[in-house]
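The structure comes first, then the details.

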Amino acid sequence: MSEYILEIQNLTKDFPGVRALEDISLKIERGEIHSLCGENGAGKSTLMSVISGVYPKGDYQGKVFYKGKETNYHSVKDSEKEGLAIIHQELALSPYLSIYENIFLGHMQTTFGIINWNYYIQESKKYLEQVGLQEPPETLVSKLGVGKQQLVEIARALSKKVDLLILDEPTSSLNDDESEKLLKLILEFKKQGITCVMISHKLNEILEVADTITILRDGRSIGSYNVKEEKLTEARIIRDMVGRDLTHRFPERKSTPGDTIMEVKNWSVYHPEYHGIRVVDNVSFFLRKGEILAFCGPMGAGRTELMMSIFGRSYGYRSEGELYINGRALHLTSSKAAMKAGLGYISEDRKGLGLILIQDIKTNISNSSLEQVSRFGIINTKKESMRAEKYRRELNIRTPSINQMARNLSGGNQQKVVVSRTLAADPDIFIVDEPTRGIDVGAKTEIYNILNDLTTAGKSIIMISSELPEALGMADRIYVMNEGKIKGVLTHEEASQEKIMHMALVG
Ligand SMILES: Nc1ncnc2c1ncn2[C@@H]1O[C@H](COP(=O)(O)OP(=O)(O)OP(=O)(O)O)[C@@H](O)[C@H]1O
Ligand SMILES: [Mg+2]
C-alpha cells in the first residue's frame, strides 16, 4: 500500500474565461491532516471539487490517484463509494428533513421497498455520539444552528465509512468554542486513521492541527510544508499566500466619536415560532457618530436577532422597545423602511439574505441602491458598471468580469459582493454581521480599512463579530451579550479577550 492516499499530477482546470487551477501536483499522506491555504479565489474549493468528482473526469486535465488507482469519477456518488467524503463550504443538508434522514439520505436500504426507520434512528445515534451531538435524531435540521448542522454533515460522512474527509472552511461559521470542538474531533479522526484535508482562512487553527500545509496562489501551488519540521508561522504562510508581507492587520484608528446617532431602549424580541420565548431580553445601547461598536458573545447570544429586528423587524414574531435615530423615535416595520431611515445591513447569511446567485455581480451590487444609478426609473447602465468596477477594484473581487454570475464566484468573493452592495447604498449606520466570514487575511485588512474610512467620513458602524481579535482591533466600544441580554460594555482601552469571555459568562 502506498503511503499516499491521494496523489494529484499536473492538474489544470478551466472555467470560461478563468483558469482556476494550473498544473497542480500534490500528495496527501495516509492518516495526515493536510491543510490548504490561499486567498479568495486561489482555487482551493475547485481543487477539492475535482478530487471528489463534482467535476467529472474530462472536465479537467491531469491525473488524480486515490488509494493508488487513477480515479474516473462521474459524480460525487462515485467517490463516496470509495470512502471519500466532502463537506462543502456552503452546507448542503435538507432543512426540512430530520437529522437521521439527512445522515442516511441516499444510502438507506429497503426490504421489499420498505425502509426500517427505527433501525436508522438507532444507527444515527451511534454517529451523533461520535461527533458529540446530543439532539434527538428526529429533530429537523432547520432547527439547528450552523455549528450543529456542520456536525450532522460529518456524521453523515462517518455513516458512509470515510477514509478521506475533505472539509471546506468547516469553522468559518463557528465561534471559538465550537471551532475548538471541531478541531478536536478532526484530531480524533486522525487517531482512527482517517485522512483529513481541511481548507481554512483561520491560520491559527491550521497551525494547531495540520501536519502539512499546501499553499495555493492564483491557481498554482506555491509549495507544501511540513508544519513541525519547518516551524511554520502565520507570517510565513501569509507571505506565501499573498506574495508579500502583511504587517498591519488593523488600521490605525484615530477615533473621535461625535454625538449619539442611534439609541435603542428596552428592546425585546420574541422567537418567530415559540412566541413566548424572548430571544432578546430588554436590551439598551447607544451608538455615536463615527463610532465602531462591536457586539461579542457566544453563538446564540441573540446578537443577530437583535440587529435584524432593529433593521425593520426582519426577525422575530414580534419585538418591543424604543428606537431613536438622530433623536427621532422610529417604528420601522420593513427592511425597506430601515434603509430609508439610513440603516444598512451586511448579513452573515450571504446566500439567504445577501446575494442573488443567478444575477450578475453588477446587478447584485445595485440591488439596494438602484435610485443612485437611475433617472426617471431608467437604469444608467454605464454608471452602474462604473460603480461596480470601482468596488471590484477596491475590494479586489476576483472575477474576469462584473457581468459574471454571482454563483460562479468563490465563497470569499461572494462575500465581497455582499459588502459592496451595502457600501453602494451609502447608509449612515452600517450593521455588519460577521463582515469578514470566509474572507482571506489580505482582503480582511482591505475591509477593515474601508470600515475605518467610513467612520472618518462620519458613518457609524455596528459590528457583530465572533472573531475577538477583530472586535478588539476595530471597535471603540464592545457590548458583550449572552442569553439575549447585554452583560456589560467595555471601551477599546479596557477590553481584552479574557474580559470579554468572563463578562459573557459571569456578567
Ligand atoms: N462555476 C464556476 N464558473 C466560473 N468560474 C468559477 C466557477 N467556480 C469557480 N470559479 C472561479 O475559479 C476560481 C477559483 O475559485 P475557488 O472557489 O476554487 O476559490 P477558493 O480558493 O475556494 O476561494 P474562497 O477562499 O473565496 O472560497 C475563482 O476565480 C472563481 O471565480
Ligand atoms: Mg472556497
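Both faces of strand β3 are covered: I33, S35 and C37 are buried on one side, and H34 and L36 are buried on the other. Buried means that 20 or more other C-beta atoms lie within 10 Å of the residue's own, with C-beta atoms placed from the backbone; 12 or fewer is exposed, and anything in between is partly exposed. The count for β3 (residues 33-37) is 5 of the 5 residues buried, so the rest of the structure largely encloses this strand.

This is a predicted model: local features need pLDDT of at least 70, side-chain atom pairs count only at pLDDT 80 or more, and totals for chains, interfaces and linings use all residues. Residues are numbered from 1 along each chain as its sequence is written, while chains are lettered from A and ligands numbered from 1 in the order in which they are written.

Strands are DSSP runs of E with at least two residues, numbered from the N terminus. Two of them pair if DSSP finds at least two bridges between them.

| Strands | Sense | Bridges |
|---|---|---|
| β3 and β10 (residues 195-199) | parallel | 4 bridges |
| β3 and β11 (residues 212-217) | parallel | 4 bridges |
| β13 (residues 260-270) and β16 (residues 318-325) | antiparallel | 7 bridges |

Individual partners can be named. S35 has M198 of β10 as its bridge partner. M262 stands opposite I325 in β16.

An open sheet of 4 strands runs in the order β14-β13-β16-β17, with antiparallel pairing. Its edges are β14 (278-288) and β17 (328-329); each has a single partner strand, so one side of each lacks a neighbour in the sheet.
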